[in-house]
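Open the structure in your viewer and keep the selection tool at hand. The stops below say what to select and what is there.

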Amino acid sequence: MGESHILEPRSAFARLRRVLLFAGTVAVFACGGDTLYDAVAPDVDPPSVLIVEPSSGAEVLAGQRVPIRIEASDPLGVSSITVRTTGEVSSTITIEFTPPRTTVAVDTAIVVPEGAAGSVQIAATAVNARGVTGQATPVNLSVTSDDIVPPDVGITVRANARMELTDEISVTVEAVDNPGGSGITRTAMTALVRNTARLDTVVVTREEEFTIPREDTVISEFSFQPPSVDSLNLPDTLYIDFFGLAYDENGNCSGAVDSELGNEIVCDTVVVGGIQFVIANAVPESQEVIAVSGRTSLVPGGGTLADILVDTLREKVYASNLGRNRINTLRAGPATWDSEVFVGAEPWGLAINAGGDSLFVANSGGTSLSFVSLSGTPREDLSRRFVTQNTPLFEISRERDEVTGLVKLSGVFFDFSDRPQFIAQDARGRLLYSTRPTPSAPEGTIRIVTHEPGWASPEAKILLLAEDVQFDTSTVAIAHVDSIFLFSVTGGDDLVEIFDHKPGFPDVLVRSGVVTLDDALATMSANPDSDILWANGSWVRERLAFEDTTFVAASGDREWVAFGEGGTQANRAGRITLWDSDASKIHSRLLVVDLLNNASERVTGLDLNVDGTLGAARGRFASYYWRTDLRLVGSVTTSVDGGAGAALHVDHPSYGQGLPSSDRTLSFVGQSDYTVRILDTVHFSERGEIHIRDNIVGPLRVGPPLAVDNGGQGRNCSGDNCVVLKLYAITDAGGIVIVNVRRRDIGPLQ
């Protein structure tokens, strides 16, 4: 096996030099010695060696630093690399690797003397662990006193296909000068913006200068908002050509139209509006940008938004942050985030009381309702937090023994999710809410919370209809009691004991005693402290249980509260249930399949007008409109399947015979094609379409103009450009979008 001999001084300084070179960036030391290699084993391949930088034929500037990078590899391991330069710069560098490595890389540099002219040759060899030597292809450099080689440059653009007017187009320009060049002194970008609605071209330029020329890679970040946009006539489509530029200290310029370096595109100029602008002499691929309506505010700190509520009095939007157990507050005017309120686990639905000073929060991660005081700094009033009671339903079957004639009992109870989801308050101050299905309790219900004067605590119940019981004389369906115990009696009829509590007083026990089932029912029904509800028959769970998200919406006067079920099972449509506050009962319930003969239809948005005479439900395939008797009055099919959110005009008039179409008989529905459709609720046709950046994935709310809108005129504004409504919605971007609806957006009947 051959052995390598390095002829250089064996001084302590030389040994230290090798250690330093091995440890990191290599310094250059001239050495007059030579390197000799013994004969090597003929059956061992030499190492692979490559001079990565600089490239052969490159020009280097006298007086400048020239970076050198060598890479080598060998399966037996590389034990040393030697770099030798000759010509205008004479040096030898040897780097040893202990233990040998299979792949190595060495970075070093030479400095070309001032006034040098001629050439520099770079050679590199590597020795493997067996002493076999490999040699790289030599590199020849031309030394000049005048830098005429332009830098390498690339450009990367980040712009959404749909952009709000406050969004930023981001441009990155990356540049590096040629090895031994004079160094980068300036980077720049030029964007030529063409608008499809106008013939003129707008030019956007940005640049960054460096007082000290940069020999290493330079990365410059530029940004600008969509220019040349008519904010009153959106959407507006732009086509933008982007050019990246870089200059070295000697004035050499190069351009780019993509992110790849080394394309060697020369700079050129273009005259726009009588002004000359620098571009790259290449044709870029134009980028299409659609400027759309709306201004999105991403929730600070992240999280998942579940519901929003518009506080028109304070001009704020409250958002329940499901993932962070808090309520985030958005100031509607500047669209900036304000204070946040910590509440219970996984807050979902929001409602505000009639006085406007309290916010109700349904905490779906537990079994509680939070009450947030809005006076002064919003905060939860923990003394008012209400823990909802578990409200199971019971079913007892009777069977008479054919031999003895004795009555034997069997029973079962049905438990449902009691985690609050969406919530509303009716005109009598009662809270109505849906419950959130969970893996362990996959069925939800709709419930009411009542707190009568003098009660010690509120009372929660499941809302039921007579149709929820299938008549059967051998079975009794029982609700609104706490527990039931069955007693098997030998030689006699089985007995039962029913336990309940006085409404509003959970510690006041009401019991039937251990008696027959008929006597227990009679005793509890006669006791004014029990609110037992029972009927002959069995519970029809598919009628009273709800699946998936169940939306809740109240009319403006709170006399009506609607529930809209998502429904996820195959061939089972969601349902709409309507609560009558004045009658204190469920007014009616309707399968959405009855609105449109499609068993897979579901509710993805819900709203009622001011007096509840018109309801709007957003489905996957259409938007539906119905009266208080839940009779369908009209529908509008969607142009694309899917979408979420439904909202009626904040001042939608009372719905009745002879109501004419107007600029108030409107509804707004979100579609899965990044639009909000404006629909007429009398003739059920489209009145307009607003393009937004992101899809709506949650509730859609509508409110009046703010005091700062329309130049401070608020609602007192006339003309097509006046803001007449504000839309608020949760989008898939993870924030809230606020959209101005202008009078010009509302077109005639189509």
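A search of the whole structure finds 32 salt bridges, where a salt bridge is a side-chain nitrogen of Lys or Arg within 4 Å of a carboxyl oxygen of Asp or Glu. This is a predicted model, in which local features need pLDDT of at least 70 and side-chain atom pairs count only at pLDDT 80 or more, while totals for chains, interfaces and linings use all residues. Residues are numbered from 1 along each chain as its sequence is written, and side-chain values use heavy atoms, with hydrogens and water left out.

**Salt bridges**

Select Lys408 and Asp494. Their side chains meet in a salt bridge, 3.3 Å from N to O. Lys408 is in strand β32 (residues 407-414) and Asp494 is in the loop between β39 and β40, so the pair links parts of the chain 86 residues apart. Strands here are DSSP runs of E with at least two residues, and helices are runs of H or I with at least four, both numbered from the N terminus. Lys408 is partly exposed, at 28% relative accessibility, whereas Asp494 is buried, at 6%. Buried means under 20% relative accessible area, exposed means over 50%, and partly exposed is in between (1.4 Å probe, protein chains only).

Next, select Glu497 and Arg511. The closest N and O atoms of this salt bridge are 2.8 Å apart. Because Glu497 lies in strand β40 and Arg511 in strand β41, the pair ties together parts that are 14 residues apart in sequence. Glu497 counts as buried at 6% relative accessibility, and Arg511 counts as partly exposed at 46%.

Then move to Asp629 and Arg627, a salt bridge with its closest N and O atoms 2.9 Å apart. Asp629 is partly exposed, with a relative accessible area of 35%; for Arg627, also partly exposed, the value is 35%.

For a network, select Glu164, Asp167, Arg693 and Asp694, which are linked by salt bridges. Zoom in on Asp694, found in the loop between β55 (686-691) and β56 (696-703). Is Asp694 buried or exposed? At 13% relative accessibility, Asp694 counts as buried. The side chains of Asp694 and Arg693 are also joined by a polar contact of 2.8 Å. A polar contact is a pair of N or O atoms within 3.5 Å; within protein, one must be able to donate a hydrogen and the other to accept it, and residues adjacent in sequence count only if both atoms are side-chain atoms.

**Aromatic pairs**

Rings of Phe, Tyr and Trp (its six-membered ring) pair if their centres lie within 6.5 Å; planes under 30 degrees apart count as stacked, over 60 as edge-to-face and the rest as tilted. By this rule the count comes to seven aromatic pairs. Select Trp348 and Phe422: their ring centres are 6.1 Å apart and their planes are at 70°, so the pair is edge-to-face. Trp348 lies in strand β26 (residues 347-352) and Phe422 in strand β33 (residues 420-425), so parts 74 residues apart in sequence are tied together. Trp348 and Phe422 are both buried.

**Charges over rings**

Select Lys502 and Phe505. Lys502 lies over the face of Phe505, at 4.9 Å from the ring centre. The rule here is that NZ of Lys or CZ of Arg is within 6 Å of the ring centre and within 35 degrees of the ring normal. Phe505 is found in strand β41 and is partly exposed at 24% relative accessibility.

Now select Arg575 and Phe546. The charged end of Arg575 sits over the ring of Phe546, 4.3 Å from its centre.

**A surface patch**

Finish with Phe485, Phe487 and Val514, which form a nonpolar patch on the surface with about 260 Å² of accessible area together. Patches are made of residues with over 30% relative accessible area and no salt bridge: like charges are joined within 9 Å, nonpolar side chains (Val, Leu, Ile, Met, Phe, Trp, Tyr) within 5 Å. Accessible areas come from the Shrake-Rupley method with a 1.4 Å probe; for residues, only the protein chains shown count as cover. Val514 is in the loop between β41 (505-511) and α2 (517-526) and counts as partly exposed at 41% relative accessibility. Phe485 is partly exposed too, with a relative accessible area of 44%.
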